[in-house]
Amino acid sequence: MSQSLHDAVGGEPFFRALVHEFYERVWVDDVLRPMYPQDDRSGAEDRFRMFLEQFWGGAATYSEQRGHPRLRMRHAPFPIDPTARERWLECMRGALDVLDPAPLHRAELDDYFERAATAMLNRNPLI
Ligand code: HEM
């Protein structure tokens, strides 16, 4: 059986650090920060970390605690236009630069985040 990406990049400590670095950037971003719960950063970090660990082959704690991800529906209250998507990806790329996973894992993560962020778009600035 091949090793999951979760385990290959270092398991929970990797995702904990990645999500922390990501939120360090979100918290100083004028477009993103207003969307996030101002008084529950550690809760937000936990939710995102558990989701990512589960997605990449780690423990299924996210679904045990939060149910089906239904991420598009959960993001519906937040105005995610192309600018917000790009800011979000900049925060994630900055966090990945710090963690510096091996090139093949980095490519897989970049590709996934770009596609997932596109799927979250829910505002079209042209209409
Ligand atoms: C939650 C914004 C993209 C995964 C949230 C929250 C906000 C947000 C404001 C609420 C924080 C909380 O209380 O947990 C955005 C924006 C995005 C984006 C502006 C720009 C495209 C993504 C992507 C993923 C993702 C690409 C997956 C790879 C999650 C997860 C949660 C979450 C798992 C927690 C859901 C829950 O269980 O409540 N996001 N998000 N988000 N986001 Fe995003």
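Helix 2 and helix 6 pack with their axes 8 Å apart, at an angle of about 135°. Axes here are lines fitted to C-alpha atoms, for helices over the stretch in contact, and angles run from 0 to 180 degrees between N-to-C directions. Helices are DSSP runs of H or I with at least four residues, numbered from the N terminus. This is a predicted model; local features need pLDDT of at least 70, side-chain atom pairs count only at pLDDT 80 or more, and totals for chains, interfaces and linings use all residues. Residues are numbered from 1 along each chain as its sequence is written, and side-chain values use heavy atoms, with hydrogens and water left out.

**Helix 2 against helix 6**

- The two helices are therefore oblique to each other. Angles under 35 degrees count as roughly parallel, over 145 as roughly antiparallel, 65 to 115 as roughly perpendicular and the rest as oblique.
- The crossing of helix 2 and helix 6 is right-handed. That term applies if the near helix is turned clockwise from the far one by less than a right angle; anticlockwise is left-handed.
- Helix 2 brings F14, A17, L18, E21, F22, R25 and V26 to the contact, and helix 6 brings W88, C91, M92, G94, A95, L96, V98 and L99. Contact means heavy atoms within 4.5 Å.
- The residues of this contact divide into twelve nonpolar, one polar and two charged. Ala, Val, Leu, Ile, Met, Phe, Trp, Tyr, Cys and Pro count as nonpolar, Asp, Glu, Lys and Arg as charged, and the others, Gly among them, as polar.

**Helix 2 against helix 3**

- Helix 2 (residues 12–26) also meets helix 3 (residues 41–55): their axes come within 9 Å and cross at roughly 135°. That makes helix 2 oblique to helix 3.
- The crossing of helix 2 and helix 3 is right-handed.
- On the helix 2 side, the contact is made by E12, F15, R16, V19, H20, F22, Y23 and E24. On the helix 3 side, R41, A44, E45, D46, F48, R49, L52 and E53 make the contact.
- The residues of the contact of helix 2 with helix 3 divide into seven nonpolar, one polar and eight charged.

- H6 sits in helix 1 (residues 5–8). H6 is buried, with a relative accessible area of 7%. Buried means under 20% relative accessible area, exposed over 50%, and partly exposed in between (1.4 Å probe, protein chains only).
- The side chain of H6 makes a polar contact with the side chain of E53, at 2.7 Å. A polar contact is a pair of N or O atoms within 3.5 Å; within protein, one must be able to donate a hydrogen and the other to accept it, and residues adjacent in sequence count only if both atoms are side-chain atoms.
- Neighbours within four places in sequence aside, H6 is in contact with G11, E12, F15, E53, W56, G57 and G58.
- D29 is in the loop between helix 2 and helix 3. D29 is buried, at 10% relative accessible area.
- The side chain of D29 makes a polar contact with the side chain of R87 (3.0 Å). A polar atom of the D29 side chain also lies 2.9 Å from the backbone nitrogen of L32.
- Not counting residues up to four places away in sequence, D29 touches P34 and R87.
- R85 belongs to helix 6. R85 counts as buried, at 17% relative accessibility.
- R85 touches I80, E114, A117, T118 and L121, with residues up to four places away in sequence not counted.

**Loop residues with positive phi**

- R70 lies in the loop between helix 4 (61–66) and helix 5 (71–75). Phi of R70 is near 40°, a positive value in a residue other than glycine. R70 is partly exposed, with a relative accessible area of 44%.
- D100 lies in the loop between helix 6 (82–99) and helix 7. Phi of D100 is near 50°, again positive in a residue other than glycine. D100 is exposed, at 59% relative accessible area.

**Separations along the chain and in space**

- G43, in helix 3, is buried at 13% relative accessible area. G43 and F55 are twelve residues apart in sequence and 18 Å apart, C-alpha to C-alpha.
- P103, in helix 7 (residues 103–119), counts as exposed at 69% relative accessibility.
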